[in-house]
Amino acid sequence: MTFLEDNFEDPACSVSKLCQHLGLSRSYVYNLFKNKTDLSPQQFLTKLRMERAKELLSNSDLNVQAISHFVGYNDSFTFSKAFKRYQGLNPKSWRQIKNAGN
């Protein structure tokens, strides 16, 4: 978990890199994560990235492209699709709704 928490902002950070870092098989790491967090390693990584993105959308004026890079995505389109799957809204809409409530 610490490896992902420390490296999620790096686009090269992945479950494969985690397994290499730990010297463990993907299936073993998957089982460890599911038992500890009830999430797969990929779901955990996505959650880290999306929760940080939500913080940046709420507390900064950074554009979506900049935020996508800050949370480990090489392009804003892929980030926006992932954000919409995670949150149910695209980043711009989520920001507008969040800011309207404050």
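Is Leu57 buried or exposed? Leu57 is buried, with a relative accessible area of 1%. Buried here means under 20% relative accessible area, exposed means over 50%, and partly exposed lies in between (1.4 Å probe, protein chains only).

The structure is a predicted model, in which local features need pLDDT of at least 70, side-chain atom pairs count only at pLDDT 80 or more, and totals for chains, interfaces and linings use all residues. Residues are numbered from 1 along each chain as its sequence is written, and side-chain values use heavy atoms, with hydrogens and water left out.

The protein chain holds seven helices and zero strands. Its elements run α-α-α-α-α-α-α from the N terminus on. Helices (H or I, at least four residues) and strands (E, at least two) are DSSP runs, numbered from the N terminus. The C-alpha trace spans about 45 × 25 × 20 Å along its principal axes. Of the 102 residues in the protein chain, 33% are buried. Contact means heavy atoms within 4.5 Å. Among contacts with a separation of 6 or more, 50% come from residues 24 or more positions apart.

Two helix pairs were examined. Axes are lines fitted to C-alpha atoms, for helices over the stretch in contact, and angles run from 0 to 180 degrees between N-to-C directions. Angles under 35 degrees count as roughly parallel, over 145 as roughly antiparallel, 65 to 115 as roughly perpendicular and the rest as oblique.

Helix 2 (residues 15-22) packs against helix 3 (residues 26-37) at an angle of about 100°. Their axes are 10 Å apart. The two helices are therefore roughly perpendicular to each other. On the helix 2 side, the contact involves Val15, Ser16, Leu18, Cys19 and Leu22. Helix 3 contributes Arg26, Val29 and Phe33. By class, the residues of this contact are six nonpolar, one polar and one charged. In this scheme Ala, Val, Leu, Ile, Met, Phe, Trp, Tyr, Cys and Pro count as nonpolar, Asp, Glu, Lys and Arg as charged, and the others, Gly among them, as polar.

Helix 4 (residues 41-59) and helix 6 pack at an angle of about 95°, with axes 10 Å apart. This pair is therefore also roughly perpendicular. Helix 4 supplies Thr46, Lys47, Met50, Glu51, Ala53, Lys54 and Leu57. Helix 6 supplies Phe79, Ala82, Phe83, Tyr86 and Gln87. The contact has seven nonpolar, two polar and three charged residues.

Leu57 lies in helix 4. Leaving aside its neighbours within four places in sequence, Leu57 is in contact with Ile67, Phe83, Pro91, Trp94 and Arg95. Ala12 lies 45 residues from Leu57 along the chain, and their C-alpha atoms are separated by 23 Å.

Rings of Phe, Tyr and Trp (its six-membered ring) pair if their centres lie within 6.5 Å; planes under 30 degrees apart count as stacked, over 60 as edge-to-face and the rest as tilted. By this rule the count comes to four aromatic pairs. One of them joins Phe83 and Trp94 edge-to-face, at 6.0 Å centre to centre and 75° between the planes. Phe83 lies in helix 6 (residues 76-87) and Trp94 in helix 7 (residues 91-100), so the pair ties together parts that are 11 residues apart in sequence. Both residues are buried. Ring pairs link Tyr73, Phe79, Phe83 and Trp94 into a cluster.

Tyr73 also meets a charge. The charged end of Arg49 sits over the Tyr73 ring, 5.6 Å from its centre. The rule for this requires NZ of Lys or CZ of Arg within 6 Å of the ring centre and within 35 degrees of the ring normal.

Helix 7 also holds Asn99. Asn99 is partly exposed, with a relative accessible area of 36%. Asn99 and Ser58 are 41 residues apart in sequence, but 6.9 Å apart in space, C-alpha to C-alpha.

The loop between helix 3 and helix 4 contains Asp38 and Ser40. Asp38 is exposed, with a relative accessible area of 59%, whereas Ser40 is buried at 11%. Beyond its neighbours within four places in sequence, Ser40 is in contact with Tyr30, Phe33 and Lys34. Asp38 has a phi near 65°, a positive value in a residue other than glycine. Most residues other than glycine have a negative phi.
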